Amino acid sequence: MDLDALTGCLASSACLVTQTTSGFIIGMLLFLVAVGLTLIFGVLKVVNFSHGAFYMFGAYFAMTAYQFSGSFALAMLCGAAGTAILGLIFERVFMSRVYGADVLMQLLVCYAFVLIFDDVVRMIWGPEFKSMGMPAAFQVVPLFIAGGVVPPYYLLLIGVALAAAMILGLGLARTRIGKVIRAAAHNPGMVSALGINTGLIYGGVFALGGMLAGLAGALAAPVRSLTPGMGFSVLIESFIVTVIGGMGSILGALIGALLIGMIRSFGSLGFPLFTEGLMYLFMVIVLVSRPTGLFGKEVA
Amino acid sequence: MTELQAEQGAQALDVPHEAKTRRNRDALIALAVFVVLALLPAVFSSKLLLDFVIRCAAYGLFATSLNLLVGYTGLISFGHGMFFGLGAYGFGLMMQKTGVPVPVAFVATLAITLVVALVIGAICVRLKEIYFAFVTLAFQMLIHSTILSWVSLTGGDQGLRGGIPRPPFLGIDLSNQLHLYVASCALLVIGLFLMHRIAQSPFGYTLRMIRDNATRASFIGIDVWRAKLTIFVLAALFASTGGIIMALFVSGAYPEFAYWTISGEGIFINMLGGVTTFLGPMVGTVLLLILNDTVTRLTDYHGLVLGIVILFFAIGLRKGLMDFVVEWYAQRRNGAGERG
């Protein structure tokens, strides 16, 4: 425990800005992963335990595309599109077979793929740490805000994530497809009776969730190191986010992700060894006081 | 299933008598199994086999106790491993720091587990399904983080090193592999016997009722919260015993013992062996350990192979091995009955 460091930071505007920015980027990456998780749970009622793998694949796809083309935009596109396709195949070929079965069987299929995907990445890209490197366009002088250092790439990352959140929120609320998805979440039998192909919706939602996680991985690739097990800690953290926010709630995922981002960022100053413990503690406190999460609906 | 039918068929007066016979029969079977296990080293002198059985005892107790929650009560706990870790660390620390005799440390570790499980269980069991799973997971990770960060007590990510002292007591010397083997077998058999008694008791049937329809159970006057808490605590005690065996076996305790993967493996063992039969988790334990040992020896990509095997069970069989065998056997018998 190092409370002096924490209070010292809270008193200095430079440190405050730096830590808040870092909390924001952790939170935004987590949000992108968690919102996919929450969407899949909301529509398919499946807890996708393999979701972290899509984040991992997004990062590796982006790195490979960047190495071949040198284009940052293409790297992001490959990360997002590649995982979307992967999500679609995964859902149609494997997950769709266990919808009627026990929840445990669904978890087991996902658990199997956590193991398989990690080894596949190890086979293709090798077991050692990799790094994509910061694209030249962002290797510029960082901004100084109130004495705190803010790399421009962080701003891009936050901007992209916020844009994705808005597009997703508005898309679900306003468009016809959004309405169909919400209807399918509510009553799949009725939607299917109206002549809409629910299998297509399920596959689409899974692909969308995978794409968001992949985008998060691609965005994280320049600033994080890549390793075969990297999806896992992100998965656990995004579970915490969805549970704190309330399973199935997009706004909840956003608020939950920002809270966890700030806890991680400031907690690492005050409690360097117990930062993870702080997140779990926070989750326990939230769930004990509100069992369905901050924005979750009461389930009967 | 058959016990239930037998119970319904019996006259009211015969029930206590019959229950007693069944208890005696179970005790005899347990004793026979123990004798066979204890005589095993006389026939096969392989050290590897003894090690294998000791590991089976540790994981088997853990997995079977988890099945009391998952299979019998419908409580899918993702954090059961925390009690495995608690047992290992509690016992290890007690032996390293206090130097009390082994039986005292054993009982004290179970007492600590009891208190911790009561507090955590009281918070968790009122939550439903997926939330229960996540809060147990959160508590598990909380304990794991505590172990990692409390370096002065637990040694942090290095674990409890330097060996666990195992002074002899009552002529038993647990630092001798043979003694440890027999003691592990005894703990395993006693543990399984007790858990089987719990599962077959009226309380055990209350648990099945809660699993199938909790609302109905509470309508007929069952205190669901208390029943769930009771089984949560009982299961924690058996998991902790498994952890103690593990700590004795490796002569240490490591943070991985309290990591979520232990709970994941426990769930996987249950699915592998089957959750509807009492011995399913034991079968699953043996299967997983053999699988792990062979696959690790043959290939570096052991997750890939394990994953494919899991997929075979989840998508192919759609149930655990024992469940599959029992169902197949029942179908065969029915088919034969219809033909005859």
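**First stop: the second largest pocket**

Start with the lining of the second largest pocket, which has 14 nonpolar, five polar and six charged residues (Ala, Val, Leu, Ile, Met, Phe, Trp, Tyr, Cys and Pro count as nonpolar, Asp, Glu, Lys and Arg as charged, the others, Gly among them, as polar). This is a predicted model, where local features need pLDDT of at least 70 and side-chain atom pairs pLDDT 80 or more, while totals for chains, interfaces and linings use all residues. Residues are numbered from 1 along each chain as its sequence is written, chains are lettered from A in the order written, and side-chain values use heavy atoms, without hydrogens and water.

To find the centre, select His144(B), Pro255(B), Glu256(B), Tyr259(B) and Thr261(B), the closest to it of 25 lining residues. Now colour the elements giving two or more residues to the lining: α10 and α12 of chain A, plus α3 (47-73), α6 (129-149), α12 (260-273) and α13 (280-298) of chain B.

**Next stop: where chain A meets chain B**

Select the contact residues (heavy atoms within 4.5 Å): 37 from chain A and 39 from chain B.

The largest share, 14 residues, comes from α5(A). By class, that side has 31 nonpolar, two polar and four charged residues.

Notes. Helix = DSSP H or I, 4+ residues; strand = E, 2+ residues; numbered from the N terminus. 1 Å grid on protein atoms, 1.4 Å probe; cavity = no way out; pocket = protein on both sides within 12 Å on 5 of 7 lines; lining within 4 Å.
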